[in-house]
Amino acid sequence: MLSESDLSRYERQIMLDGIGIKGQEKLKSSKVLVAGVGGLGSPAAYYLTAAGIGTIGLADFDEVSLSNLNRQILHATNDIGRFKIDSAAEKLSSLNPDVQINKHCIKLTHENIADTVKNYDVIIDAVDNFETRFLINDSCYFLQKPVIEGAVCGFEGLLMTIVPGKTPCYRCLYPDLPKEKSFKGIIGTTAGVIGSLQAFEAVKLLLGIGGPLFGRLLIFDGLNSSFRVIDWSKKRSCPLCGENATIKNPAKY
Amino acid sequence: MIVKINGKEENIEKGTTLLSLLDLKRVNPNSVVIEHNYEIPEREKWEEILVNDGDNIEIVKFMGGG
C-alpha cells in the first residue's frame, strides 16, 4: 500500500501509462540486487532508489579511491577510504529513506553467490571483471534469476536483459573468458548511460511493460552518438543453455 | 561485394573470410565475437567461413568494465 508520502514522491511516474498506483506498489514490493557499486552501479542504484524499488541490495567489497571519482557518482571526495557499500547506502538513503538498503560487503564467490542472489527478483550486473560476470550469469541461470547485463569501456557500452529459459544467456554472447585482457579508460558519461539503462530495464521487467532487451543487444557508441540495437539469438551450441550444454555448475576461474 | 558490417554497407573483396575481415579492419580476433547472418559461428570456424554479397555481420567487442 502506498502512503501519502509515496503518492507525493512518485506522483510524476504514477501518472504514466504503464505504471499507475498498481505499478508503483509492484515496485515497492520488488527487490533488486546491484552487484558492483562503481561506475555502472552508481547510476543504476540511484535511479532504482528514486523510482521506489522497495529493497535494494548492494554487493561490493571495495573501498572508494580518488581515481573512482571521475565516474562513480554515488561516492564523494570525503568518502575516500570508506567501503563503497557504506558510502552508497548513505547517499541512497538520503535520496529516499523509505528504500530498504541491504549491504553485502563481500567479494562474490562460488560459496556465497547463491545465498546472496536468492532473495532478489532481479540482479543488475555492474561488476568490473569477466570472472565475476561469468559467476553471476552462470549462477543466475541455474537459480532462474533475471540479470540485467551491462558493460562499458572507453566511450562504448553494451546492454542486454537475460531471463533464464526465455532469452539467450550471457554465454550465447561470450562463450568463455576472453583470451586477452585489456584495460582501457572510461569516462563517467559512458557508465552513466548504461547504468541508467540497466535501472530502466529492471523497472520494465518488474512491471512487465514496454520492450526490454530480450534476445537483443544494445550497442552504445558515445563518441559517435549512436545507439544500435541488434538481434542476438540463443546459440544452439551455447555451453550453458544450448542443446548439449557442458556447464552444469557455475564455472570456476 | 556489398556487405553490411555493424550496420554500415561496405565494399568487400570476394574470397574474404570472417577471420581475414578482422585482419582487414585491424581487429584482434581475441577481442571480439561475431554474428554472421544472425548466426553465431564458433571462433574456430572464422577462418573457413566466406563472406558473401548481401551478408550481415556484427563484430561485438568483449566488454567487461563496470
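The crossing of helices H4(A) and H5(A) is right-handed, meaning that the near helix is turned clockwise from the far one by less than a right angle. The model is a predicted one, in which local features need pLDDT of at least 70 and side-chain atom pairs count only at pLDDT 80 or more, whereas totals for chains, interfaces and linings use all residues. Residues are numbered from 1 along each chain as its sequence is written, chains are lettered from A and ligands numbered from 1 in written order, and side-chain values use heavy atoms, without hydrogens and water.

The axes of H4 (residues 41-51) and H5 (residues 84-95) of chain A come within 9 Å and cross at roughly 30°. H4(A) is therefore roughly parallel to H5(A) (angles under 35 degrees count as such). Axes are lines fitted to C-alpha atoms, for helices over the stretch in contact, with angles from 0 to 180 degrees between N-to-C directions. Helices (H or I, at least four residues) and strands (E, at least two) are DSSP runs, numbered from the N terminus.

In chain B, four strands form an open sheet of mixed pairing in the order E2-E1-E4-E3, two strands being paired if DSSP finds at least two bridges between them. E2 and strand E3 (32-36) of chain B are the edge strands, each pairing on one side only. Neighbouring strands of this sheet are turned by 30° against each other on average, direction ignored. Strand E1 (residues 2-5) of chain B pairs with E2(B) in the antiparallel sense over four bridges, and B:Lys4 stands opposite B:Glu9 in E2(B).

The largest pocket has a volume of about 1,100 Å³. A pocket is an open set of points on a 1 Å grid over the protein atoms alone where a 1.4 Å probe fits, with protein on both sides within 12 Å along at least five of seven lines; lining residues have an atom within 4 Å of a point. The volume is the space filled by probe spheres set on the points. Of the 46 lining residues, A:Asp128, A:Asn129, B:Gly64, B:Gly65 and B:Gly66 lie nearest the centre of the largest pocket. H7(A) gives the most to this lining, with three residues.

About 550 Å³ of space lies in the second largest pocket. This pocket is lined by 19 residues, of which A:Glu156, A:Asp221, A:Arg228, B:Asn6 and B:Ile59 are the closest to its centre. Elements supplying at least two residues each include strand E6 (156-162) of chain A and strand E4 (56-61) of chain B.

Terms used
Parallel < 35°, antiparallel > 145°, perpendicular 65-115°, else oblique.
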